[in-house]
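Reader: I am new to this structure. Please take me closely through one part of it, the aromatic pairs.

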Amino acid sequence: QPQPQPQPQPAAPHPQANDDKRYVYCILQSVGNPSNCLRIKQGSLEVDGKGRADSPDSVFRIEKNNNFTTIYNPLSKAYLEIVLNNTRKEVRAVFSESQATIFQHKSFKPDVRQHNIGNSVALNQSPPFQDFKLSARELRDFKDNGYIVVKNAIPSQVLEDAIRAINRAIAGGQHGGREGLVRDGLASDQNGLFDESVRSSPEVRALFRNSKVWRICECILGKNQVVPPNAGQVALRYPLEKQQVPNQLPRDRWHVDGMKDFIWKFKLLISVCLSPWQTPMSGQFTVFPGKHHEIFKSLSSMGQLNFLAGYRAPRPQMDVDAVQIIAQPGDVVIAHPLLPHRGGPNYSCNIRYACFFRLFRPSSDRFADPSQIPIRDVLQDCDGLKATLGIR
């Protein structure tokens, strides 16, 4: 009998000689789980553990010598496009270059990750300091004022390891800011412009996992109601030029996280003090006490979308002065997600160091349509606090 002849298989995309000067081929891995790769299968994007460097559906092409590039998959002939869908950004595959999103990519020193990830810090998988509890007075302060300051919440070794990781990143060229983004001494974006390898490093994550912070948050949200964050926001504020220091801060310079797209998508805001905040006007975390109640009333009466539209700048004046938190390295501020706050201007001679975490519950509405999130009670996520204080 005649034997069937093998059918030719499509070759994996490989750069031609004339492409070597223009393109580089790469795979797109998840930073949190490098075994997961982006791939295009039957015209749709997938992120799973089946993407491999030798698998054509996982290979993407970007411009080699240009900071601006499309991202193209030669096998499927598809480009990546970012679209806004119900205030959420989504990535999809499109087959026309005119629809493709133009991305900006930046090079970084290859040893930065080694500097920060190489120290094999062991991370706790359940809250340490199980015997620690917030007092009834602290919980009432949180309920009434919208924040509390917990002293010495970070063990000294955990604190030192995190500061060392950040400083080694600075030595590697990640200074946490760039020209054109300085306002009131803030020379960083919402991520501090630090590479993901720093923000998600074990040393930074240990500020939450290996300290009292995890247990503190359970005292407010409830036992087993805290999802440990996979990264922190490393935020530096650089000194302003020497000048006359104002006596107080304006009452209309404030925000609530998410005012650009989605209020109340996380359940607690954590500010970890990493440098001395000994005097006002040192760049420290700054709050408007008790005003989370007013924000809640406005939000519940107006709804998400109307609130977002109505509270864009210029914002109304608060009827209380801003309180600049006085703290030492290792102290932690726990704030309600609706508490109006800001970063204070830094008139000191030192860089202000801080790390922020935003916490979700296991049943979080993080990816839901903002207009559909139920708004019932300013303490609706605070099961632990309610149980301790006897609030129904």
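Author: First, a definition. Helices (H or I, at least four residues) and strands (E, at least two) are DSSP runs, numbered from the N terminus. By that count the chain has 9 helices and 17 strands.

This is a predicted model, where local features need pLDDT of at least 70, side-chain atom pairs count only at pLDDT 80 or more, and totals for chains, interfaces and linings use all residues. Residues are numbered from 1 along each chain as its sequence is written, and side-chain values use heavy atoms, with hydrogens and water left out.

Some background on the chain. Contact means heavy atoms within 4.5 Å. Among contacts between residues at least 6 apart in sequence, 78% join residues at least 24 apart. Buried means under 20% relative accessible area, exposed over 50%, and partly exposed in between (1.4 Å probe, protein chains only). Of the 392 residues in the chain, 45% are buried.

Now the rings. Rings of Phe, Tyr and Trp (its six-membered ring) pair if their centres lie within 6.5 Å; planes under 30 degrees apart count as stacked, over 60 as edge-to-face and the rest as tilted. The structure holds 7 aromatic pairs.

One of them joins Trp-254 and Tyr-311. Their ring centres are 6.3 Å apart and their planes stand at 65°, so this pair is edge-to-face. Trp-254 lies in the loop between strand 11 (233-237) and strand 12 (268-273). Tyr-311 lies in the loop between helix 8 (304-310) and strand 14 (323-324). The pair therefore ties together parts that are 57 residues apart in sequence. Trp-254 is buried, at 2% relative accessible area. Tyr-311 is buried too, at 16%.

Another pair is Trp-264 with Phe-296. Here the centres are 6.1 Å apart and the planes are at 90°, so the pair is edge-to-face. Trp-264 sits in the loop between strand 11 and strand 12, and Phe-296 in helix 7 (residues 292-302). These are distant parts of the chain, 32 residues apart. Trp-264 is buried, with a relative accessible area of 6%. Phe-296 counts as buried at 13%.

Ring pairs also link Phe-208, Trp-214 and Phe-357 into a cluster.

Charges come last. A charge sits over a ring if NZ of Lys or CZ of Arg is within 6 Å of the ring centre and within 35 degrees of the ring normal. The charged end of Arg-315 sits over the ring of Trp-254, 5.7 Å from its centre. Arg-358 has its charged end over the ring of Phe-266, 6.0 Å from the centre.
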